[in-house]
Each structure stands twice: as C-alpha cells, then as structure tokens.
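Here is a quick walk through one protein model. Have the sequence and the 3D view open as you read.

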Amino acid sequence: MALLTLQNAQLAFGLAPLLNGADFAIESRERIGLIGRNGAGKSSLLRILAGTHSLDDGAIARQSGLRVSTVPQEPVFAGDATVFEAVSGGLQRVLDLRAAYDAEAMGNADAHVMADLQHEIDVLDGWTWESRVDATLSQLSLDPTIKVSTLSGGLKKRVAIAQALVAAPDILLLDEPTNHLDLAAIAWLEDLLKNFKGSAVIISHDRAFLDNVVTRIVELDRGKLRDYIGNYAAYETQKAAQLEFEATVNAKFDKFLAQEEVWIRKGVEARRTRNEGRVLRLEKLRDSRAQRRDVLGRVKLEITSGEKSGKIIAELTDVNKSFGDKLIVRDFTGTVLRGDKIGLVGSNGIGKTTLLKLILGQLQADSGKIRTGTNLQIAYFDQMRDGLDEEATLGEFISPGSDWIEVGTKRTHVMTYLTDFLFTPERANAQVKMLSGGERNRLLLARHFAKEANVLVLDEPTNDLDIDTLELLEDKLANYDGTVFIVSHDRRFLDNVVTSCLVAEGDGLWREYEGGITDWQAQAKVMASMKSPPPGGEGKGEGAGNRSNASLEKSSTPSPQPSPLGGGSKTKLNFKDQRELDTLPAKIETLEKEQAQLNALIADGSLFQTDVKRATEASKRIGEIDELVMAAMERWEALASK
C-alpha cells in the first residue's frame with residue numbers, strides 16, 4: 001500500500017494551473033526525483049505533500065500516523081540558536097507534548113489527560129528525545145554547541161537535514177538539497193539518502209546527483225505528473241522517445257483538424273443542409289486543440305562576447321596569498337589564455353573566489369607577480385544575487401530608463417528580450433520580489449548576457465535553474481569564444497563546459513587537470529596509485545593532467561614530477577611495466593565493448609520497466625567503465641612516455 005496518494009489533484013495560482021488532474025503515489029523505500037520547469041509548481045507540490053498547503057480540488061490520502069519532514073531550499077533558523085536547539089526543532093510536537101505532560105503533572109493532574117499525553121509521547125518515542133538529537137548530530141558530524149548563525153551555507157543545509165531526520169520521518173522531502181554544498185558534502189548526502197530507510201522526494205537540477213540517488217523520476221509537465229522508472233539517465237532516454245511520439249500524434253491531430261475546417265468552409269457551400277454531427281465533432285476538435293498545452297518554449301539564450309581581449313588573460317608567477325594564519329594560495333604559477341574555460345573546484349571556504357580575484361587582478365598578492373591582459377571586459381555572475389533590485393519591475397531591472405536594450409549589434413525591445421528568457425509580457429511588469437529562485441537566476445542571466453563581455457565569471461550559476469535552461473546554458477558556454485571562469489559543484493555542468501579544472505589540493509596548493517570533474521577524478525586516482533613505489537622501491541610515478549600548450553601551468557609541489565607530455569629523457573621499462581603496457585590496449589577495448597553492450601541493453605528504457613535492479617546496475621556500471629577507461633588511458637600514456 002502506498003504511503004501517500006494524490007488523485008485528480010487540482011492547483012492553480014491565477015490563471016495558470018500548476019496541477020491539472022494530476023495523480024501521484026509514494027511507495028515505501030522509494031527515492032523520487034521531482035523535476036520540471038522553474039515556476040511549474042514543484043515547490044508547491046512539495047508543500048502539499050508536507051501538509052502545509054491544500055489542493056484546490058482532488059483527494060490526498062495518507063497512511064495513518066505517517067511522519068513527513070521537509071528540508072527547504074533556504075533553511076531559516078533563530079538567529080541565536082545553537083545547533084542542538086535548531087535540530088531539536090524537528091521534534092517540536094514531542095517538545096510540546098512533554099511540556100504539556102510536565103505541566104499537567106505539576107498541577108491538578110487529570111488521569112485521563114495524563115494517559116492520553118503519555119500514549120502519544122510513547123508513540124513518538126518522545127521520552128528520550130535528547131539522545132535522538134545527540135545521535136543524529138553525531139551521525140552528521142555536527143557540533144551541538146556552535147551558533148547556527150556562524151555556519152557556512154553548506155553546514156546550515158546539514159543542520160536542516162539533521163532537523164528533518166531527527167523526527168524519523170517515513171517520507172523526507174528535499175528542495176534543491178545540493179545548493180551550497182561542495183563535492184564532498186554532495187557525496188556524503190548521496191550516501192545518506194541511499195541508506196535512508198524511509199522514502200524521499202527530491203527536487204534537484206543536479207543530474208549527476210539524481211543519477212546516483214533516485215529510483216524514479218517524476219516530471220511535473222504542463223500540470224501533469226509523469227513517471228519514469230530509473231535514474232536521470234533512464235529518464236532522458238524515455239523522455240526523448242515520448243516527445244517524438246507526442247510530436248507525431250499532435251501533427252496528425254492538427255492535419256485532421258485542418259481537413260475538417262476545409263470541409264466546413266467548402267463542403268457546406270455545396271449542400272443545402274449541414275451535417276450537424278460533423279459540425280459538432282469539429283467543435284470538439286477545436287476545444288481539444290485549445291486545451292492541449294504545447295511543450296513550453298526554451299530560453300533563447302544569446303551571449304554577447306564583445307571585443308576580443310588580448311591573447312593572454314592573466315599571467316601569474318610564484319603568487320602567494322594568506323589571510324591571517326590561513327594560507328589560501330601558495331607558489332602559484334600559471335597562464336590563462338583567451339578562450340580558456342576553467343572550473344574552480346574545492347570545498348567551501350577553501351579560497352576559490354580569492355584565487356579568481358588574484359587571476360583577474362582584483363586582489364593584490366602577498367608576494368609574486370601578477371600581469372593581467374589587455375582589453376578585458378568582465379561580467380560577474382554572483383551566487384548571492386546581490387545585484388537584484390527587489391522593488392523594480394523586470395523591465396526596469398533589465399533596461400533602466402528605456403524600453404529598448406542593446407544586445408551586441410541588435411536593438412531589441414525589452415519585452416521581446418524578456419520573452420526570450422520565458423518571461424511573458426504580463427510577468428515583465430511584475431516586481432522582482434515576486435519571482436521564484438529559479439526565475440531570479442534566469443533574470444540575472446538575462447541581464448548579464450546582454451552586457452558586452454569577453455570574460456565571464458560565473459559563481460554557482462546552476463543554482464535554482466531548471467534542467468532545460470541549464471542544458472542550453474551549457475551549449476552556449478561551450479561555443480562562447482571568450483574566456484569563462486566557473487565556480488560550481490555541479491559535476492555534469494562542469495564536465496560539459498570546461499576545458500580544465502583548477503583543483504584545491506590543500507595547504508594553499510592548486511593543480512590544474514585537463515577536462516571536467518570526471519577527468520580530474522580519473523587522473524587523481526592514477527596519480528594517487530602512482531605515488532606508491534612498486535615492490536622493491538623501483539622508480540617513481542609520474543604526474544598527470546599537464547597541458548601541452550603550457551596554458552595554466554601547474555603550481556609547484558613539494559616534489560615536482562615530470563609531465564608525461566613533457567618529452568623528457570626516456571628510460572627502458574622494467575619487465576612488469578612493459579607487460580602492463582602491452583596489455584592495456586586490449587583491456588581498454590574489452591571495457592569499451594562491455595560498455596557498448598550495456599548501452600544497447602538500456603537504450604530503449606524498457607529494461608527499467610521489467611527489471612529495475614538490473615537496469616540500475618547496468619547504468620551504474622556504465623559510469624564505472626568511463627572511469628576505468630580514463631584511468632587505463634592515462635596509465636598507458638604515462639608508461640608510453642617513458
């Protein structure tokens with residue numbers, strides 16, 4: 001039996017229906033990824049599931065005693081609360097019952113009231129709530145005595161998760177849980193959710209996170225909830241087939257409607273009386289066509305690159321930077337060339353923004369030399385959204401004092417420009433404060449991409465964006481001819497956009513790796529395995545990830561190692577290494593064949609309908625093979641260079 005069920009759910013704000021006869025059910029031990037366009041109603045649906053918002057019409061059924069906890073997108077805590085007090089807020093019902101029980105016991109105790117209170121406290125396991133809070137804090141590695149107001153955004157999100165988990169919910173609702181989390185914290189959250197004994201409904205734009213966690217995708221699309229068994233990769237396959245089928249059906253319907261329209265206009269002229277039955281059918285067809293809600297348009301995203309900058313964007317030599325006793329950058333040497341697309345990767349607070357400001361010449365180094373290039377036009381996209389004027393209308397914010405906006409060499413009316421970013425003319429006259437988080441992000445993109453710039457700095461640009469807009473942004477950035485710096489923890493986004501990653505490796509050291517997050521992780525594994533000398537202590541491993549064009553040269557390390565692409569003097573391989581080199585091509589070929597077979601197995605999505613476990617394992621193995629092939633190729637390159 002389902003834990004929670006929606007039937008024929010109806011919900012609307014203004015004229016736009018968010019839920020239009022939607023059906024939905026949550027089964028035990030499910031992890032559901034809820035996706036859809038910004039403004040489609042995902043957060044509203046989450047509030048309905050939590051019981052804090054009501055449907056306009058339809059039915060919602062919950063199992064008796066069902067416990068539901070929510071982790072909001074932006075958790076709010078009392079300003080002076082400690083972590084222990086904040087997490088205890090997840091047991092507010094228990095705290096109220098305990099207070100009522102104690103008050104009753106100290107007054108004129110009513111035996112019936114006392115018995116009822118005791119029974120409810122027993123059901124909620126409320127007599128030992130303090131130990132439950134302590135256990136949850138220990139599990140999530142949180143210090144109970146620290147003030148929540150002093151924590152980073154990532155740690156505040158962890159406190160919110162602890163607050164939800166302490167109530168031992170049957171259903172856990174999470175709204176964009178990966179926002180403000182670094183890669184290590186996202187990996188921790190993935191493990192936590194995989195081991196969670198209840199069910200979870202997760203709103204997220206992080207496709208890699210959805211791939212690793214969910215067992216079912218539910219898409220809120222034009223008021224309907226559509227199910228797709230499996231993870232996000234399985235959804236992509238099934239969705240593509242569905243859209244193709246839908247387009248074919250709609251085309252046939254429109255053709256038939258056009259034929260009926262012709263019959264009405266031409267056929268009646270040759271008849272003294274109308275075929276009333278056919279006229280009525282035409283009216284029904286027209287109604288059906290009017291009610292059919294087309295697939296929403298995509299953002300028409302154009303990036304204005306402005307004049308070309310110089311070939312060299314920045315050149316840094318032996319740069320050091322500290323704040324007090326904290327070393328942020330140590331002995332960094334590198335060159336950024338025009339057209340580079342660089343991802344900055346590291347835990348929260350490690351110094352990504354500081355390094356970025358040093359590269360752009362916006363911050364002075366403690367020592368070392370920084371030379372910035374010529375004709376730099378920098379557009380900065382700030383994750384804190386400080387540039388938003390809450391009281392302005394969308395039109396005023398995009399083009400203050402004018403109805404027209406210059407985009408490159410084109411002069412465009414502000415309403416047309418906003419329409420390209422999926423804001424209707426009616427919405428363009430609304431105030432910024434009325435927008436959702438995703439719509440605010442889209443508005444900022446609209447403003448920044450109207451500026452002429454040859455250097456884009458994007459600080460967590462993916463937060464709150466819907467996946468369609470995110471994919472289009474990836475495409476535009478990949479084809480942008482300027483220079484891009486991206487601070488992000490979205491693995492798929494970085495994989496699809498950047499040419500290299502600058503990764504914080506601790507103690508102020510930064511190293512560059514070719515490619516995105518997946519490439520970095522594969523190369524880092526190879527480097528880690530090569531640091532351990534082979535039996536007998538022969539030889540040393542070689543570095544990985546260096547650029548052949550010397551752009552963004554690696555920062556120096558305590559034990560510099562030769563680059564596999566560096567063309568240094570070669571030595572004869574020992575027997576063990578030569579044997580490994582000879583077998584690697586066959587190993588790579590075998591892995592690629594296995595991957596091709598697995599891709600063919602899950603290509604049409606049918607396996608997710610018939611054997612979810614096997615399909616999930618196959619999808620996971622495909623990802624593992626990617627890493628194995630990358631590691632094998634890096635190892636082959638390292639051995640061949642000797």
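## A glycine in a loop

Let's start with Gly351, which sits in the loop linking strand E12 (341-345) to helix H11 (352-359). One thing to keep in mind from here on is that this is a predicted model. Is Gly351 buried or exposed? Its relative accessibility comes out at 10%, so Gly351 counts as buried, given that the cut-off for buried is under 20% relative accessible area.

So who are its neighbours? Leaving aside residues up to four places away in sequence, Gly351 touches Ile328 and Trp510. Ile328 is 23 residues from Gly351 along the chain, and their C-alpha atoms are 5.7 Å apart.

## An aspartate in helix H5

Next up is Asp134, which you'll find in helix H5 (residues 129-139). With a relative accessible area of 42%, Asp134 is partly exposed, because that class lies between the 20% limit for buried and the 50% limit for exposed.

Asp134 and Val87 are separated by 47 residues in sequence, while the distance between their C-alpha atoms is 9.5 Å.

## Helices H3 and H4

Now turn to helix H3 (residues 92-106) and helix H4 (residues 111-123). Their axes come within 10 Å of each other and cross at roughly 150 degrees. That angle is why H3 is described as roughly antiparallel to H4, since angles over 145 degrees fall in that class. As for handedness, H3 and H4 make a left-handed crossing.

Which residues of H3 and H4 meet? On the H3 side they are Arg93, Leu97, Arg98, Ala100, Tyr101, Glu104 and Ala105. On the H4 side, you have Val113, Met114, Leu117, Gln118, Glu120 and Ile121. Sorted by class, the contact of H3 with H4 has eight nonpolar residues, four charged ones and one polar one.

## The whole chain

Zooming out, the protein chain has 642 residues, and 46% of them are buried.

Key: Residues numbered from 1 in each chain as written. Predicted model: local features only at pLDDT ≥ 70, side-chain atom pairs only at ≥ 80, totals over all residues. Heavy atoms only, no water. Axes fitted to C-alpha atoms, helices over the stretch in contact; angles between N-to-C directions. Helix = DSSP H or I, 4+ residues; strand = E, 2+ residues; numbered from the N terminus. Parallel < 35°, antiparallel > 145°, perpendicular 65-115°, else oblique. Left-handed = near helix turned anticlockwise from the far one by under 90°. Contact = heavy atoms within 4.5 Å. Nonpolar A, V, L, I, M, F, W, Y, C, P; charged D, E, K, R; others polar. Buried < 20%, exposed > 50% of the residue type's maximum accessible area, 1.4 Å probe, protein only.
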